[in-house]
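Please look through the sequence and the structure shown below before reading on. The briefing that follows is grouped by topic, and each point can be checked against the structure as you go.

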Amino acid sequence: MQAFSFRMPTKVIWGQGCIEQNKAELTSLGKKVLIVTGKKSAKLSGALDDVITSLASVNINYIVFDEVEENPSLETVAKGGRIAFAEKVEFIIGIGGGSPLDASKAIAALGTNNIEAKHLFTGKLSNPVLPIVSIPITAGTGSEVTQYAIITDHEMETKRNFSTGETFPTLAFLDAKYTKTLPYEVTVNTAIDFLSHALEGYLSRRSTPMSDALAKEVFSLFKGSYQALLDNEINLELREKLLYASMLAGVVISQTGTCMVHCLGYPLTYYSEIPHGRANGLVMTEFLRFNYEVAQAKVELFLDLVGANTIEGFDLLITSLLGERKKISDEMLEKYAYSAAQLPAIQFTPRIPTEKELLEVLKRSLS
Ligand code: NAP
Ligand code: FE
């Protein structure tokens, strides 16, 4: 068997009411916390109120930073970081979809390191990152169990990854009731995101026997959720399944990273404002076709486990979830192919694509 290592230091606490039931876990992290959220959904979902109630009952003081936008920018994390630093908070709680959860990791690093936010990408920090608690309220990114913070860098015109061995959340509370308020499109897009994590991790040059075991479970969970997702028959039981699958897929990429699909997805989001999970879904079929010859056995097992049998069958399945695709001009696609080719994660694709091949994949997916 191949040599591998597996490190996933986050303590995952799962179940209805898990924040209130496990609030004592927070007391060892400090007496003052910065809560990082998006503009509305942390409140709307009920998660923010539950956190505040639990913090009050264990005498932890809090400040709320609720300005994180979708695909958070360096400017936003810099602002949150300045608050964390100035207020001398001892830990960070992120509540949200991937955007606030990722922002909370960058803010945790800036809370102890008085540096320009763009210097985070060097990965060199003088002081330890503050402890992070993650509460996901979408079921897609798995950010609650990964070390990654995907931050938009407007100077570089792309999304970039900041991570260190310390940016894994210390604690993750997963309660699917907070995902009940998700709009249908976000539910579907985020489900496609976790499928993409499991698929890219499974085919990645960095895959391991343990990450593969989890990825296969995610494929089966996706198969079991597909029809209800398509029919918009989404009850709490399905939401639990989606949140669980999303977390498992997060553990997969915490070991393997993502590869070609996410590299292509980032420029689609940056330049064409396509939501993250949807952007991945748009290129997944062609990713399978492009890599089929070098990863045939794995691609076939993936197709079998998601209930598609063939790549054409998978295309029908994913297209039925994505709906109509907007065409993008060849001129724009050239820019996207260039941008994707610069990203380090492209090297983990089983068949490493050239910029020209990336353009072909984009054209087959979007023109
Ligand atoms: P998101 O950008 O966090 O949120 C999308 C939208 O959904 C926002 O308008 C948000 O509102 C709303 N929303 C979130 N939860 C809701 C709820 N429970 N009820 C109602 N509305 C809700 O979406 P996401 O897809 O979870 O995250 C995408 C980001 O994560 C991207 O930046 C992507 O690059 C990153 N990502 C990170 C990793 C990782 O490993 N760290 C992996 C994949 C993707 P508010 O703005 O009010 O919150
Ligand atoms: Fe993703």
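Asparagine 309 is exposed, because its relative accessible area of 59% lies over the 50% cut-off. This asparagine sits in the loop between α11 (296–306) and α12 (311–322), and its phi is near 70°, which is a positive value in a residue other than glycine. The structure is a predicted model, and the points below should be read with that in mind.

**Backbone angles**

- Most residues other than glycine have a negative phi.
- Asparagine 71 is likewise not a glycine, and yet it has a positive phi of about 55°.
- Asparagine 71 is found in the loop between β3 (61–68) and α4, where it counts as partly exposed, with 24% relative accessibility.

**Salt bridges**

- How many salt bridges does the structure hold? The structure holds 13 salt bridges, and among them are the pairs described in this group.
- Side chains of opposite charge can pair when their charged atoms come close.
- Glutamate 25 and lysine 11 form one salt bridge, in which the closest N and O atoms are 2.9 Å apart. Glutamate 25 belongs to the loop between α1 (18–21) and β2 (32–38), while lysine 11 belongs to strand β1 (residues 11–14), so this pair ties together parts that are 14 residues apart in sequence.
- Both partners count as partly exposed, glutamate 25 at 27% relative accessibility and lysine 11 at 42%.
- Aspartate 153 and arginine 160 meet through their side chains in another salt bridge, with 2.8 Å from N to O. Is aspartate 153 buried or exposed? With 4% relative accessibility, aspartate 153 counts as buried, because buried means under 20% relative accessible area, whereas arginine 160 is partly exposed, with a relative accessible area of 26%.
- The side chains of aspartate 175 and lysine 177 also meet in a salt bridge, at 2.9 Å from N to O. Here aspartate 175 counts as buried, at 1% relative accessibility, and lysine 177 counts as partly exposed, at 29%.
- Salt bridges that share partners also join Glu286, Arg289, Glu312 and Arg364 into one network.

**Cavity and pocket**

- The count of cavities of 30 Å³ or more comes to one, and the space in this largest cavity is about 40 Å³.
- Which residues line the largest cavity? The lining is made up of Ala139, Thr179, Leu182, Thr187, Thr190, Arg239 and Leu242, and the elements that give two or more residues to it are α6 (184–203) and α8 (236–256).
- By class, the lining of the largest cavity divides into three nonpolar residues, three polar residues and one charged residue.
- The second largest pocket holds about 160 Å³ of space. Its lining consists of Ser272, Ile274, Arg278, Leu282, Glu324, Arg325, Lys326, Lys327, Ile328 and Leu366.
- Sorted by class, the lining of the second largest pocket has five charged residues, four nonpolar residues and one polar residue.

**Surface patch**

- Met1, Phe4 and Met210 form a nonpolar patch on the surface, and together these residues have about 370 Å² of accessible area.
- Methionine 210, one of the residues in that patch, lies in helix α7 (residues 209–230) and is partly exposed, with a relative accessible area of 37%.

**Distances in sequence and in space**

- Glutamine 2 lies in the segment before β1 and is partly exposed, with a relative accessible area of 44%. Although glutamine 2 and proline 209 are 207 residues apart in sequence, they are 8.0 Å apart in space, as taken from C-alpha to C-alpha.
- Isoleucine 83 has its place in helix α4 (residues 74–86) and counts as partly exposed, at 27% relative accessibility. Isoleucine 83 and alanine 337 are 254 residues apart in sequence, and from C-alpha to C-alpha they are 37 Å apart in space.

Definitions and conventions
Residues are numbered from 1 along each chain as its sequence is written. Chains are lettered from A and ligands numbered from 1 in the order in which they are written. This is a predicted model: local features need pLDDT of at least 70, side-chain atom pairs count only at pLDDT 80 or more; totals for chains, interfaces and linings use all residues. Side-chain values use heavy atoms; hydrogens and water are left out. On a 1 Å grid over the protein atoms alone, a cavity is a set of points where a 1.4 Å probe fits but cannot get out, and a pocket is an open set with protein on both sides within 12 Å along at least five of seven lines; lining residues have an atom within 4 Å of a point. Grid points are joined across faces, edges and corners, and a volume is the space filled by probe spheres set on the points. Ala, Val, Leu, Ile, Met, Phe, Trp, Tyr, Cys and Pro count as nonpolar, Asp, Glu, Lys and Arg as charged, and the others, Gly among them, as polar. Patches are made of residues with over 30% relative accessible area and no salt bridge: like charges are joined within 9 Å, nonpolar side chains (Val, Leu, Ile, Met, Phe, Trp, Tyr) within 5 Å. Accessible areas come from the Shrake-Rupley method with a 1.4 Å probe; for residues, only the protein chains shown count as cover. A salt bridge is a side-chain nitrogen of Lys or Arg within 4 Å of a carboxyl oxygen of Asp or Glu. Helices (H or I, at least four residues) and strands (E, at least two) are DSSP runs, numbered from the N terminus. Buried means under 20% relative accessible area, exposed over 50%, partly exposed in between (1.4 Å probe, protein chains only).
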